[in-house]
Amino acid sequence: MEEGLHDCDVARTSSPLRVDKPRVSGIDLFRGALVILVILGHFAELTQRHHFLTWFGVGFRMPLFIGLTGYLFNLEQARRLSSAGMLRKYHDRMVLPWFAACAMALVITGSVEWFSPLYALIRPPYHLWFVPVILAFMFAAKLCRLGPATMLVIAIPISIGSMYLFGVGHDVWQFGMWTPDRRYFIYPIYFTLGMWVARRPAPRHEYPLLLVAFVGLLWWSRLYDHPSTPAEVAAELLLCVPLIVLFPWLRRIRFDVALISAIGRDSLFFYLWHPLIFALWSAWGFSGGWLLVLATGTTLAAWAAIARLPNLSGVLGVRPVASAPHAAASSAPGAASPEGAA
């Protein structure tokens, strides 16, 4: 989930000396807030799976993550790389941490079989679908050679048709054991919309878009008591599409909340590992508010500790703590930054 959650705004070039743009605080802040909402949503599932708060977040968290990934994806650079080169680029940033989390999940649940590596790509366990799905979208965008607008036109009927077929809520059914995860089919619309928005000027009239999104939010909330697949599809689109169109406004945010932005920069770690920490504390008998407090504290402490272990941080999806000379160079005006915005 690195490109969308963790470091999708990094643009590596083939030149030996790389000069990156400074990070955009609004994007880090927004991404960090989404990660926190995901964690709270999974906590709500543990305490009461069918609670309103669990339902509420399903309608926008991951669609916006997917859209943000598309918005920050450097399509032109990806097409300059070979497929092997692109895979190498994302190996340490996405694939390796995902593989570690997936292997841990399979071992803990006792789901290790001879077909587990293939099955983990087709139907990843629980929340681990994001990395293979987003990599599939990136490689599809790279290889198809179509423009973002054309890809969006193709994605619209595919995604909306799949939404009506599979649903957009948490409780969905699949056709069979080997049917690929539904997110491969229902989320291309948000990824391609994000790519298209990134190449358009910022919208001039944001308030009508916010009003449409608010109507979608109210509609989605009402569907908690009145479930309907067609209505859920329409409400999610009405909520998420205008917000993705407004993504250019994230670059205009000037205030910052340091901890939330830091979580946004290391969002891959928080996304991949927080369910395991919840499960460990639950196994010790904790629940409710104590479970949330202990899991949050443990996750933050682990994050800070792992960042100081270079041999482990990359495997688990945490950026290592920069050395003093490197930190000083990065803070200098015009200096290269390892997390420059694309």
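I first looked up the secondary structure, and the protein has 18 helices and zero strands, where helices (H or I, at least four residues) and strands (E, at least two) are DSSP runs numbered from the N terminus. I note that this is a predicted model, in which local features need pLDDT of at least 70, side-chain atom pairs count only at pLDDT 80 or more, and totals for chains, interfaces and linings use all residues. Residues are numbered from 1 along each chain as its sequence is written, and side-chain values use heavy atoms, with hydrogens and water left out.

Next I looked up burial, and found that buried residues make up 48% of the 342 residues; buried means under 20% relative accessible area, exposed over 50%, and partly exposed in between (1.4 Å probe, protein chains only).

I then turned to a helix pair: helix 2 (residues 25–47) and helix 16 (residues 288–306) pack at an angle of about 145°, with their axes 11 Å apart. Here axes are lines fitted to C-alpha atoms, for helices over the stretch in contact, and angles run from 0 to 180 degrees between N-to-C directions. Helix 2 contributes Leu40, Phe43, Leu46 and Thr47 to the contact, and helix 16 contributes Gly288, Gly289, Leu291 and Leu292, contact meaning heavy atoms within 4.5 Å.

Last, I checked the loops. Tyr126, in the loop between helix 7 (116–122) and helix 8 (130–144), has a positive phi near 50°, and at 44% relative accessibility Tyr126 counts as partly exposed. Arg145, in the loop between helix 8 and helix 9 (148–166), has a positive phi near 65°, and at 52% relative accessibility Arg145 counts as exposed.
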